[in-house]
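Here's a quick look at a ligand and the space around it. Take a moment with the picture first.

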Amino acid sequence: MNLSRFPRIRVAHLPTPLEPLRRLTAQLGGPEIWIKRDDCTGLSTGGNKARKLEFLMAEAAEQGADMVITQGATQSNHARQTAAFAARMGLQCHVLLEDRTESKNEQYRNNGNVLLDLLHGATIAHYPGGIDMNAEMETAAGKFRADGRSVYTIPGGGSNATGALGYVNCALELSYQINDLGLRVDSIVHATGSAGTQAGLVTGLRALNTGIPVVGIGVRAPRQHQQQSVLKLAGETAGRLGLSGIVREEDVVANCDYVGPGYGLPADSTIEAIEMLARLEGILLDPVYSGKAMAGLIGLIREGAFVKDRTVIFLHTGGSAALFGYGHCFDFSKPESTPRSL
Ligand SMILES: *Cc1c(COP(=O)(O)O)cnc(C)c1O
């Protein structure tokens, strides 16, 4: 496997740290929990999209683009990191934001990632929930092209075989750190949405023959659907690497029991996980992705799903900028916090 044959613009702060979560481990009574800090990739408050964008934006540059367009939900971390990356490259950025939650909350609609999109100079167009956003994006791109712009479009979440190379790279990095620290890893757990993170990670870990399983905690789609999306993209990613067929169906595992009321809507367990990490470890999670993934990890540990004397790694995919759009979901007036509806 040779990643350096793919064009890449190095912007992310890598390698991200791999650290123990001692107080959370003590609270839950084992296994040992470690955290891979992809919330610290450095680009506009960090997160997993920085790794994907290193490969995607290099492709945009190769194609001579003067503008990038992408799409996501209102509080999209991907839109924010794309806007920041585009700013750094001197490219115009246009984002299409889908109203998946129908929240009327002022902070949700204008603060957090939306504020940062605008701060990075992106233009925003708002769309109702439930429509084909990739089709809308092609329509928007067509209009800009008719105006003479050279447009590079990036799918939602940056999840295609190019973006997923960023997580093949993460698998290389993580595998090196695991060996270096001598960790006996039972599983890697992280949030899975548009599938690129898990597809790249699984492909990389398989290519290295690590034998380490990955559990994607779903944030939107039901399990079968999520696993199919990841498997399909992993197949395409392996193909790009000349390793077709390396990812088997059994390598792709999603758990979609922690979605709660729906995409972008925190469950009680999401709020509990965010508060636990903030108070036990001083680490910020988010209500859409990493909070649900951590709720999944906590739930699975409570069920006894992992070997107690082994290590479980939580891949922190970022997202804390969204917290500023979700302040109303926390209730600090009670000793035991309960979530408020969005
Ligand atoms: C996009 C995102 C994810 C999900 O990653 P995918 O590659 O889309 O599956 C997880 N966490 C955060 C914070 C994200 O922004």
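What follows covers the ligand, its neighbours and the pocket.

This is a predicted model, where local features need pLDDT of at least 70, side-chain atom pairs count only at pLDDT 80 or more, and totals for chains, interfaces and linings use all residues. Residues are numbered from 1 along each chain as its sequence is written, and side-chain values use heavy atoms, with hydrogens and water left out.

**Around the ligand**
- The ligand has 17 residues around it, and K49, K52, S194, T197 and T317 are the closest (a residue is near if one of its heavy atoms lies within 4 Å).
- By class, that shell holds 11 polar, 3 nonpolar and 3 charged residues.
- Helix 2 (49-62), strand 7 (185-192) and helix 8 (196-207) each give the shell at least two residues.

**Polar side-chain atoms**
- S194 has a polar side-chain atom 2.5 Å from an oxygen atom of the ligand, and T197 has one 2.7 Å from a ligand oxygen atom (a polar contact is a pair of N or O atoms within 3.5 Å).
- For T317, a polar side-chain atom lies 2.6 Å from a nitrogen atom of the ligand.
- The protein covers 98% of the 370 Å² of accessible area that the ligand has on its own (Shrake-Rupley method, 1.4 Å probe).

**The pocket**
- The ligand takes up space that is the largest pocket (on a 1 Å grid over the protein atoms alone, an open set of points where a 1.4 Å probe fits, with protein on both sides within 12 Å along at least five of seven lines; lining residues have an atom within 4 Å of a point).
- Helix 9 (223-240) gives the most to the lining of the largest pocket, with 6 residues.

Terms used: Polar contact = N/O pair within 3.5 Å; in protein donor to acceptor, adjacent residues only side chain to side chain. Sits in = over half its atoms within 2 Å of the grid points. Helix = DSSP H or I, 4+ residues; strand = E, 2+ residues; numbered from the N terminus. Nonpolar A, V, L, I, M, F, W, Y, C, P; charged D, E, K, R; others polar.
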